[in-house]
Amino acid sequence: MSADMAKNKEAADADKAKEAAAIASGEKEQPGFKELIANPVNRWVLTGSFFRNFGGSITTYYLPVFFLKNFAAYKVQYSFVNSVILSMVGLASGIIGGILADKYEKKTPWIKALIPIIGSAASVPLIAIATMQGNFWVSMVCFTLFTLLSSAFSGPAITMMQNTTEKSLQGSIISSYFFTITIAQTCGPLFASFLAKNQGALTNPAIYGPVITLGVLIGFGGSVPCWWKAGQNYVRIQKE
């Protein structure tokens, strides 16, 4: 790093420290949501997280209904396998995603976006197979793969925002993230409930399959271009 670059960095750090101190002392107002999403990485990650959690909340609430209604003879097997998938596979997915994102970021900053892109894109056909064919064990294998691939998104997504947001705004952006996913997790089940009721799922439980698949298509599928745009801007900002 040249002397000029070092001086510029020191000056920028000093300006950021002064701004944080001004906010803490009340001399300057804390930037609002509009300022947070002015950062394109934040904007696209929050949008992608909304879509992803919209679809994720539908699978959380309605996959158990689907399995217990359509595979009533496998209630015991489902209860056991489902608990293993959610506790062990979901945990492993999050850990593996974080390790991969940290290990390969220096080689390609795109890795933080590619993890949610691949997981979300792969989730759509996996959940379609899991819910729209009649073999219980095939469904459970697809659900296992679905959980393994789709549960690794949050760590890389949050890190992209943290790495491109000023320290004084870290708390605000994390709060915005959790607010966004809370809204999504409210909207998803409402959408699925309305659709299932109007399509007669109560009398024909097989309808839950297409309802869940549509929710995943909208949610997980809709998040893919958002992760892509977040990744583009993340790589650009990291190179600046």
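Tutor: We're looking at a predicted model, where local features need pLDDT of at least 70, side-chain atom pairs count only at pLDDT 80 or more, and totals for chains, interfaces and linings use all residues. Residues are numbered from 1 along each chain as its sequence is written, and side-chain values use heavy atoms, with hydrogens and water left out.

Student: How many helices are there in the protein chain?

Tutor: Helices here are DSSP runs (H or I, at least four residues), and strands are E runs of at least two, numbered from the N terminus. From that end, the elements read α-α-α-α-α-α-α-α-α. So with zero strands, the helix count by those DSSP runs is nine.

Student: Which way does H5 run relative to H9, roughly parallel or roughly antiparallel?

Tutor: Take the axes as lines fitted to C-alpha atoms over the stretch in contact, with angles from 0 to 180 degrees between N-to-C directions. For H5 (residues 111–131) and H9 (residues 208–239), they come within 8 Å and cross at roughly 165°. Angles over 145 degrees count as roughly antiparallel, under 35 as roughly parallel, 65 to 115 as roughly perpendicular and the rest as oblique. That makes the pair roughly antiparallel.

Student: Is Tyr104 buried, partly exposed or exposed?

Tutor: Tyr104 sits in helix H4. Buried means under 20% relative accessible area, exposed over 50%, and partly exposed in between (1.4 Å probe, protein chains only). At 33%, Tyr104 is partly exposed.
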